[in-house]
Amino acid sequence: MGDDRDGLARLIRAMTGGTPVGLDGFLASPEAGATYFEGTTVRALESTFALTPSGLYVPERLSREPEPIDLVMVYTTLAELTDTPTDLNQFLEVLQRLAAGDVLLFCALWLARLRVAADYAEVDRDYLVRLPDPLATRARALLAGQDNRHLVTPQQLQVLACLAVAKCPVRPENPLSGEAGNAALAMLPLAVGELLGADYATASESEADGEVLQREMVSNQIFHAPRSLQSMLARWYRTWFQLPADDPTVPDDFLVDLYREATSADLLDVAIMTLAMWQSARNGQVHIQDASLTNVGIPADAVTVTLDAIAGNYSQVMEHLRGNPPGPWNTDVLRQYPALHYDEGMTLIVDPQLLVERVFSWLPYWDVNAHLKGDNKRRGQFSDRLRHYYEVYATEAITAMAGTGRVYDERSLQAAYAAQGVKIADCAIAYPGGWVVLDVSTRSTTRETAHGRTPGALEREIDTLVVTKARQLQSTIDQIRANEPRLTSMAHLSGPRVFQPIVLVTEGFPINPVTAEKIRIALRENDLLTAPDILPLQILDLQDIEIVEGIQEAGGPDLLALLHEKARSKLADTVVRDYVLAVRRPLARDPVRVRELVDELMGRILERAKGSDAVEA
């Protein structure tokens, strides 16, 4: 009994006998910014609240204006769950004990889940079940403590898929199986995430503070740049089918015939197969029986050649990897072969997003370009025509966004200002308070910049693209400022006028605080676009233009007003798409023009499928 009383006395002294910190002398000094219960020195544990413009009180962190750091997502590494750094040799040993097919299937299933998920958090909840304890408990705690943290991302799974082909045997001699194999598969992406940062972790302090980190940020943004399927489909159909048919300088099927010559495949059949496989992966079926593709309108004798245009076999993938080994930001082998074709008449869809990008982005251009390598005349004609169609499509999007009557295209600008030494932009848009002057580039970001392994690549990219285009924009702005009526045939409007220069990069360009500052420095050094009446240069892509087009159809601000709004926000140094999704998400929708193009393409696909059924019948 005495021992119990002594223990109780010690417990009471431990809980009540001391003087709380800060209460010496029984006087408390309130801490600046802290919230206390009225009449006490007890700190409130709840977060502080703020009044929003709508009249609602919400937690202060939800009421503040978003900043670039809010757009960053963090993945979880294995070391965070084990408190032990992952050993590269042990990691490779585990790969040697897993079959390549099993790892590829694991990656494909989770990539499909990520691509269809509205929020990565729902994927995290399912992935937690795959992790063994106590790793799952630790992961759950980390996820709960940080809203933008996730377990797995496409980057980890894509790199792991590349490593599976390069390092995993087809049939391991001493395989991990059962519970051990499942646990290893679940932990591998987390280990990849940790090893991805090995180069940065081992960089010198001066490198880590400077260019290495900057290159990482740029590569990260390029790698994760979202691409809307609707936008890709509309652009692809307009540039590969409709515009060539309206071009009197080439045969109606000029581009489609060249693609068939290069790949032996019908481009519309490739599109039909791609969309069918994409939908299958979204439904959780990442394996496709090749023979089943006749059900979507692909002739039986065309299935193999059509698959060959988008899928690779093991020997092709291995050959690609030998010349272009994977890296943290280099999964080009999956961009070339987003599906893997097996000899058993079955195809694995490794990544459905890369699959649609393989067909509906710029990659078919390179298929034809490589085929015409020995024929410079036809190669040049093909490149000029396709790039011209992209510029036409961009101009159509701009005109649809701005409205008729206020867009002056390159032909109008040339008629008004053509002279020796004058560089003319692609178009100018008149607004009541000023002008948007815009030049289009179909140039893609170089692989050196995208892979983040070449010092100085970003600076060369800025000089080649941004500074060159800025000279054209500056020259056109100078002409409009000096003689606006020559272009508009109307009297010069009174009042202050501003100029908003824009470089429209159809394939996108990474804009973040690092690149935005580098662009500002380059423009100052070249004394370009620095006049007081010229607003900061904006870099947009086609999706940005289409987002603004959709916003205007929903009653939102026009392009000039939206860019003014963005320039005054904390997201001034981000892409337009990120600003809109953070601030004006309810208005973001596909414009009518894009939807009509996609509807026409889908009608053509259905017509092809019906025709195939009729033939088979």
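Predicted model: local features only at pLDDT ≥ 70, side-chain atom pairs only at ≥ 80, totals over all residues.
The largest nonpolar core comprises 138 residues, among which Leu131, Trp236, Trp240, Met277 and Phe360 touch the most other members. When neighbours within four places in sequence are set aside, the contacts of Leu131 are Leu81, Ala136, Ala139, Leu151, Ala186, Met187 and Leu190. In soluble globular proteins, nonpolar side chains tend to be buried together.

An open sheet of 5 strands has the order β9-β10-β11-β12-β13, with mixed pairing. Its edge strands, β9 (407–409) and β13, each pair on one side only. On average, neighbouring strands of the sheet are turned by 25° against each other, direction ignored. Helix α22 (residues 410–417) packs on the sheet and touches β9 and β10, its direction making about 75° with that of β9.

Within the sheet, strand β10 (residues 427–431) and β11 run antiparallel and are joined by 5 bridges; Tyr431 stands opposite Gly434 in β11. Strand β11 (residues 434–441) pairs with β12 in the parallel sense over 8 bridges, and Val436 lies opposite Gln500 in β12. Strand β12 (residues 498–505) is largely enclosed by the rest of the structure, because 7 of its 8 residues are buried. Strand β13 (residues 538–540) runs parallel to β12, to which 3 bridges join it, and Leu540 in β13 is the bridge partner of Leu504. Together with helix α26 (residues 513–525), β12 and β13 make a right-handed β-α-β unit.

Conventions. Residues numbered from 1 in each chain as written. Heavy atoms only, no water. Core = buried A, V, L, I, M, F, W, Y, C linked by side-chain atoms within 4.5 Å. Buried < 20%, exposed > 50% of the residue type's maximum accessible area, 1.4 Å probe, protein only. Contact = heavy atoms within 4.5 Å. Helix = DSSP H or I, 4+ residues; strand = E, 2+ residues; numbered from the N terminus. Pairing = 2+ DSSP bridges. Right-handed = clockwise from strand over helix to strand, strands pointing away. Axes fitted to C-alpha atoms, helices over the stretch in contact; angles between N-to-C directions.
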